[in-house]
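Okay, everyone, thanks for making time. Please take a look at what's on the screen, and then I'll walk you through it.

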Amino acid sequence: MAEPTIPDLTFPRNTYGKFETPWDLRPLIYRGGAGTNIREVADRIAQGHLGAPMEERIPLVIRLHEHLEGNLAGGISRLTIKSRIATLRNFYTWTDVTGRSATLDLVEQNYIEYSEHLLHRVRTSGDMREHIAYSYASLLSCMLNDVLQLKIGLLAKTRLSKPKGR
C-alpha cells in the first residue's frame with residue numbers, strides 16, 4: 001500500500017530566529033511524533049523511526065493547520081501560535097501514550113477524556129495546578145471549536161471550571 005500524500009504543514013509566512021526550529025504540524029500525523037524532541041523529529045520521520053504516517057489523522061491535522069495559518073495571517077502573535085502548537089503537541093502526546101485515535105471523528109470524545117486526565121492530575125496526582133489544567137483545556141477547546149464548527153464549545157462539556165481569582 002502506498003504511503004498517503006502529506007500536504008505541507010509548515011508555516012512559511014512566519015519568520016524564524018537564527019536558531020529557531022521552523023514550526024511544522026507533520027509530527028502530529030506520526031505515532032510518537034508529538035512527544036519527540038522538536039529539533040530531532042524531522043530527522044526521525046525521514047529515517048522512518050516513527051513508522052508510517054497515520055492516514056486517519058491527516059484530515060484533522062490539516063484543519064488545525066488551516067486554523068493556525070488563519071490566526072497567523074489575522075495578526076495573532078507568534079507567541080500565541082507557538083503556545084497553541086505546544087498545546088496540540090501535549091494533546092497528541094497524550095493520545096499516543098493512551099492509545100487513542102486522534103481523528104476528526106473521535107476528537108470530541110478524546111478532548112473530553114483529555115480534560116478528565118487533566119482534572120485527575122489536579123485532584124489526585126497533584127502534579128498540575130488547576131489554572132494550568134484549565135488553560136490547556138481552554139486553549140485546545142478554542143482551536144477545536146473552530147475546526148469542528150461547534151455552536152456549544154467543548155469546554156462546556158467538561159467538568160473543568162475556571163479557577164476563582166485571588
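Let's start with Ser-141, which touches Tyr-111, Gly-153, Leu-154 and Leu-155, not counting residues up to four places away in sequence; contact here means heavy atoms within 4.5 Å. Before I go on, a word on the source: this is a predicted model, where local features need pLDDT of at least 70, side-chain atom pairs count only at pLDDT 80 or more, and totals for chains, interfaces and linings use all residues. Residues are numbered from 1 along each chain as its sequence is written, and side-chain values use heavy atoms, with hydrogens and water left out.

So where does Ser-141 sit? Ser-141 is part of helix α5, residues 130-148. Helices here are DSSP runs of H or I with at least four residues, numbered from the N terminus. Ser-141 counts as buried because its relative accessibility is 3%. The cut-offs: buried is under 20% relative accessible area, exposed is over 50%, and partly exposed is in between, using a 1.4 Å probe and protein chains only.

Next, helix α2, residues 58-73. How far should its 16 residues span? At 1.5 Å a residue they should span 22 Å, and the end C-alpha atoms of α2 are 22 Å apart, so the two agree. The expected span, by the way, is 1.5 Å times one less than the number of residues. Which residues of α2 are buried? They are Ile-58, Leu-60, Val-61, Leu-64, His-65, His-67, Leu-68, Glu-69, Asn-71 and Leu-72. A reminder on helices: there are 3.6 residues a turn, so residues three or four places apart point the same way. The cover over the buried residues of α2 includes α3 (78-98), α4 (107-125) and α5.

Pick out Glu-69 in that helix. Is Glu-69 buried or exposed? With a relative accessible area of 14%, Glu-69 counts as buried. Leaving out residues up to four places away in sequence, Glu-69 touches Thr-10, Phe-11, Pro-12 and Arg-13. And just after α2, Gly-75 takes a positive phi of about 100°.

Now, how the helices pack. The axes of α3 and α5 come within 10 Å and cross at roughly 100°. Axes are lines fitted to C-alpha atoms, for helices over the stretch in contact, with angles from 0 to 180 degrees between N-to-C directions. That makes α3 and α5 roughly perpendicular to each other; under 35 degrees counts as roughly parallel, over 145 as roughly antiparallel, 65 to 115 as roughly perpendicular, and the rest as oblique. On the α3 side the contact is made by Ser-83, Arg-84, Thr-87, Leu-88, Asn-90 and Phe-91, and on the α5 side by Tyr-136, Leu-139, Leu-140 and Met-143. By class, that contact has six nonpolar, three polar and one charged residues. Here Ala, Val, Leu, Ile, Met, Phe, Trp, Tyr, Cys and Pro count as nonpolar, Asp, Glu, Lys and Arg as charged, and the others, Gly among them, as polar.

What about α3 and α4? They pack at an angle of about 95°, with axes 11 Å apart, and are roughly perpendicular to each other. Asn-90, Phe-91 and Trp-94 of α3 meet Val-107, Asn-110, Tyr-111, Glu-113, Tyr-114 and His-117 of α4.

Ile-29 is in the segment before α1 and is buried, with a relative accessible area of 0%. Among the residues Ile-29 touches are Ile-6, Pro-53 and Ile-58. Asp-8 is also found in the segment before α1, but counts as exposed at 51% relative accessibility. And in the segment after α5 is Gln-149, exposed at 69% relative accessible area, with a positive phi of about 55° although it is not a glycine.

Notes
Helix = DSSP H or I, 4+ residues; strand = E, 2+ residues; numbered from the N terminus.
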